[in-house]
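The following exercises are to be worked with the sequence and the three-dimensional model at hand. Each task is followed by a solution in steps.

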Amino acid sequence: MTSSAPRFAILFVAQFGAVGVMMPFIPPLMIAAGLSAGQVGGVLAAGAAVRLLAGPVGGRLADALGRPKAVMAGGALVAALAACLYGLAQDLPGLLAANLLMAMGFAAVIPLGDAMALRAAREEGWDYGRVRALGSAAFIVTAGLGGWLVDRAGAGSIAWLLAGGMAAAAVAALALAAAGVPARRGGGAFRAVAVLPEFRRILLVAGLIQGSHAAYYAFGSIHWEQAGVPASVIGLLWSWSVVAEVALFAWGRGIADRLGPRGLALVAAGAGVLRWAITAQTVALPALVVAQAMHALTFGAMHLATMRVMQQAIPPAVAGTAQTLLAAGIGAVMMAATLAAGWGYAAVGAGVFWAMAGMCGLAVAALALRRMDA
């Protein structure tokens, strides 16, 4: 049997290459267009609210039709149109419309890719983490390229690079082999996922730890830019944050096997407390280099823990629904945290990162009280 790993590698490169442009540079694009920090937080939170509905609807549609790659491709094309609107919009209504359209289109794209990849990796015996590492590597390249482009052509230029990345993600989705999962028709898919105790446990912990990145995603670049860090350096800091993550994904399978999902999550939560404390206290470049390296733990280790639970606990017939419900649950936490971060950053600046450290502290407490892999 021919391995599907190369095609999934291309899919991840396209998807996360686009994300490497979007996450660091869309908030500064909004600031350059004249939005305030509070307005940026509100726009991003509104997009998160749309993802809460659009993601599960997309996942349920993919499971009902038995055609996840078609749903993925359609969503990525909508996202490409939204990226073009980012480039054309000049005010709050236009940027809000672009962000809502992006949220609607892209909400189910990455979760469906993960659902298909996890099933293929289990059936064919390849290492999901190693293939996923190529997506993180693409994030590094495009974040650095984005910083270079912004320095030379301005913040608005990033929209067109993002549009190209989203279009490439659509093509990569269509190039995948058919999933081979029978369509699940009728009701009950959401409930079938929600009653699984393993799903509820991982949702709680992942929501806190991944949600703790909200202030960083929304205001990290803005905070550093206002402190005098050049856009090219900001792009390199985002890229550096993923370098160690790539190493973890590519070569950390033995460590992940020894720690298990709960151990990985504990490492992620503890690292989050330290990372956000550093980010709150200083913009000194050596400290930022250390803090950004911890992304391998705060995001990477938690992602591996989450995918292991999902691979082991979720029936294939509802995999798309489960992945998008998980993303929506994390997105709900992210939405609330992003909205709060907009107010918090306007009021106390970098002090908002202490709240993110507190979320990771809550995750440590939750892990101490219950096992999520039992």
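**Exercise 1. Identify the residues that Met 102 touches, leaving aside those up to four places away in sequence.**

Step 1. Contact is taken as heavy atoms within 4.5 Å. By this criterion Met 102 touches Met 22, Ala 79, Ala 82, Ala 83, Tyr 86, Ala 107, Leu 162 and Met 166.

Step 2. Note the basis of the values: this is a predicted model, in which local features need pLDDT of at least 70 and side-chain atom pairs count only at pLDDT 80 or more, while totals for chains, interfaces and linings use all residues. Residues are numbered from 1 along each chain as its sequence is written, and side-chain values use heavy atoms, with hydrogens and water left out.

Step 3. The largest nonpolar core has 124 residues, and Met 102 and Leu 162 touch the most other members. Such a core is a set of buried Ala, Val, Leu, Ile, Met, Phe, Trp, Tyr and Cys residues joined through side-chain atoms within 4.5 Å. Helix 1 (residues 5-32) gives the most to this core, with 15 residues.

**Exercise 2. Describe the surroundings of Gly 17.**

Step 1. Gly 17 is found in helix 1; helices (H or I, at least four residues) and strands (E, at least two) are DSSP runs, numbered from the N terminus.

Step 2. Gly 17 counts as buried because its relative accessibility is 8%. The classes are buried under 20% relative accessible area, exposed over 50% and partly exposed in between (1.4 Å probe, protein chains only).

Step 3. Not counting residues up to four places away in sequence, Gly 17 touches Phe 12, Ala 138, Phe 139 and Thr 142.

Step 4. Gly 344 lies 327 residues from Gly 17 along the chain, and their C-alpha atoms are separated by 30 Å.

**Exercise 3. Is His 303 buried or exposed, and which residues does His 303 touch?**

Step 1. His 303 is found in helix 14. That helix (residues 295-313) has 19 residues and reaches 26 Å from its first C-alpha to its last, close to the expected 27 Å; the expected span is 1.5 Å times one less than the number of residues.

Step 2. Helix 14 is mostly covered, with 14 of its 19 residues buried. His 303 is itself buried, because its relative accessible area is 9%.

Step 3. Not counting residues up to four places away in sequence, His 303 touches Asp 114, Tyr 128, Arg 132, Gln 210 and Phe 249.

**Exercise 4. Why does the chain count as being as compact as a globular protein of its length?**

Step 1. The chain has 16 helices and 0 strands.

Step 2. Its radius of gyration is 19 Å, close to the 21 Å that the globule rule gives for 374 residues, so the chain is as compact as a globular protein of that length. The radius is taken over C-alpha atoms, and the rule is 2.2 Å times the number of residues to the power 0.38.

Step 3. Buried residues make up 57% of the 374 residues. Among contacts between residues at least 6 apart in sequence, 86% join residues at least 24 apart.
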